[in-house]
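Hi everyone, thanks for coming. I'd like to walk you through one model today, so please have a look at it first, and then we'll go through it piece by piece.

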Amino acid sequence: MKRQYISFLFLAMMTLLQSISFCQSTLYRNINTWSFNKALQDVDTNIVSTRSAIERFTAEYKSYGNPQPVTIPVVFHVLNQDALSPVTLADAQEQVAVLNNCFAGVQGEFLHVADSLEGFGARKANTLISFCLAQRDPAGAPTTGLNLELTSVPMWNPGDTGIYHEELGGANAWDVERYLNVWVTSMRDTITSYAQMPGGPVASDGIVMDNRYFGVIEDTAWAYREGKTLVHLVGNYLNLYDLWGEGGLCSDDYVEDTPIHNAPNYGCNEIYRHVSTCGDNPVEMTMNFMDNTDDACMYMFTYGQMMRMHAVLAEGGWRYGLVDSLNLACKPSDFAGQGLEERNVAENTTDGMVGKNAMRLYPNPATNEVNVALRLVNDAKVVVTVFNTLGAVQQVETFERTSGFHTLKLNCSAFPGGMYVVQANVDGDVLTERLEVSGK
């Protein structure tokens, strides 16, 4: 089910703004995550030390971490002035499916020439993170994961804390250690949305977004119609910085395999050498979900970003409670099939592989040699790349294979003991598996 773009409230705004020729093409997505979090730190200086501790834990995790599949329960608090909600359950289900596809690395084809010329395509990762609509509320009662709250507030200003309090026209957060809370409402035009990064106060721990950017929208002229605004925001929530970093342009995003951007990008930049003005002038990764291009041109997280997100979800990480809450908030059957039909995680199949093209590694852990078992739907060129935990390429092998089952052998005897990621690019379909190499 596709949601109509214009709500009654926004239609009224359109009428008021006709005199200045307001139109969709000039309404850019303005993600305000860093400003929001900076304001929180200015009020509570303890957040700075907490964030520093989270960064130390993240740095350690990237050295030893072993990401496992994770499912995060989500609740959408929809604030509206009447019972005719601009967001339906079908919209919420579609939005969750978008999250699952994007985080699994199956959302969108390789569209940009820099994918091959800069090697960006080889960095695309299945993050092993998925999402489900919460099926039980904090008290254990059944829920759809869609919490409609009537409000007397017609439109919210960015950073307005009333949005987190039911008595002020907002909605109280559900247990933030067990649920990803997303407030969906009408925001002032200048701000689209923002997320609280790990380490902030409990009451506001979640994501706030304008309902015009929520879900899959029918208007094909709308640049942000594919639901990827929330994908970017969940990245922030899981401790990813925007690609232009924190505290000003050209700041580091603390991920080794993403280039530093000098500013957010808008539109669909199809020019190969979109060069950053920062540092040694790297080519910018405009197709990354943590940039700000049109939805149609955003389609990847990197391996380094995956490791950073898993650090806050790992035992001892700031958001580990989300992992532990699954049995309380959702069941596996609740999210099965929600955009995960192509997810390449081996489970519950006779050959250990799922999806269309598929891959499995054995033995794993390996010592001297690892077998890469592939199932190919069509004849294809296969490029197998091995990355270390910093995202550096350790080995690349290229093969031509016919459709069917194949086993490729990789020599890993020279690899230091530790965790690696093996990616198989099958004519643009990227399959990802973790590999543990035992110490010699």
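Strand E9 (residues 380-387) and strand E12 run antiparallel, and six bridges join them. Val384 has Ala424 in E12 as its bridge partner. Helices and strands here are DSSP runs, helices being H or I with at least four residues and strands being E with at least two, numbered from the N terminus. Two strands count as paired if DSSP finds at least two bridges between them.

Before I go on, a word on what you are looking at. This is a predicted model, in which local features need pLDDT of at least 70 and side-chain atom pairs count only at pLDDT 80 or more, while totals for chains, interfaces and linings use all residues. Residues are numbered from 1 along each chain as its sequence is written, and side-chain values use heavy atoms, with hydrogens and water left out.

Back to E12. On to strand E13 (residues 429-437): nine bridges join E12 to E13, again antiparallel. Gly418 has Val437 in E13 as its bridge partner. The hairpin of E12 and E13 has two residues between the strands, and there Asp427 takes a positive phi near 50°. How much of E12 (residues 418-426) is buried? Seven of its nine residues are, so the strand is largely enclosed by the rest of the structure. By buried I mean under 20% relative accessible area, with exposed over 50% and partly exposed in between, using a 1.4 Å probe and protein chains only.

Next, another sheet for you to find. This one is open, has three strands in the order E7-E8-E11, and pairs antiparallel. Strand E7 (358-362) and strand E11 (404-411) are its edges, each pairing on one side only. On average, neighbouring strands of this sheet are turned by 20° against each other, direction ignored. Between E7 and strand E8 (residues 369-376) there are five bridges, and the two run antiparallel. Arg360 stands opposite Ala373 in E8.

Now the helices. Two packed helices are described by the angle between their axes and the distance between the axes. Which angle do helix H4 (residues 89-104) and helix H6 (residues 228-237) make? They pack at about 60°, with axes 9 Å apart. The axes are lines fitted to C-alpha atoms, for helices over the stretch in contact, and angles run from 0 to 180 degrees between N-to-C directions. H4 and H6 are therefore oblique to each other; under 35 degrees would be roughly parallel, over 145 roughly antiparallel, 65 to 115 roughly perpendicular, and the rest is oblique. Their crossing is right-handed, that is, the near helix is turned clockwise from the far one by less than a right angle, with anticlockwise being left-handed.

If you zoom in there, Gln95, Val98, Leu99, Cys102 and Phe103 in H4 meet Lys228, Leu230, Val231, Val234 and Gly235 in H6. Contact, by the way, means heavy atoms within 4.5 Å. Ten of the ten residues of H6 are buried, so this helix is largely enclosed by the rest of the structure. Just after H6, Asn239 takes a positive phi of about 85°.

Asn239 also turns up in the surroundings of Thr58: not counting residues up to four places away in sequence, Thr58 touches Asn239, Arg308 and Ala311. Thr58 lies in helix H3 (residues 46-64), and at 1% relative accessibility it counts as buried.

Let's follow the chain on from H6. Leaving aside neighbours within four places in sequence, its contacts include Arg29, Lys228 and His232. Met298 and Cys102 are 196 residues apart in sequence, yet 9.2 Å apart in space, C-alpha to C-alpha.

Tyr254, in the loop between H6 and helix H7 (303-313), has a positive phi of about 65° although it is not a glycine. Tyr254 is partly exposed, with a relative accessible area of 34%. Leu128, in the loop between helix H5 (114-117) and strand E2 (129-133), has a positive phi of about 65° and is not a glycine either. Leu128 is buried, at 7% relative accessible area.
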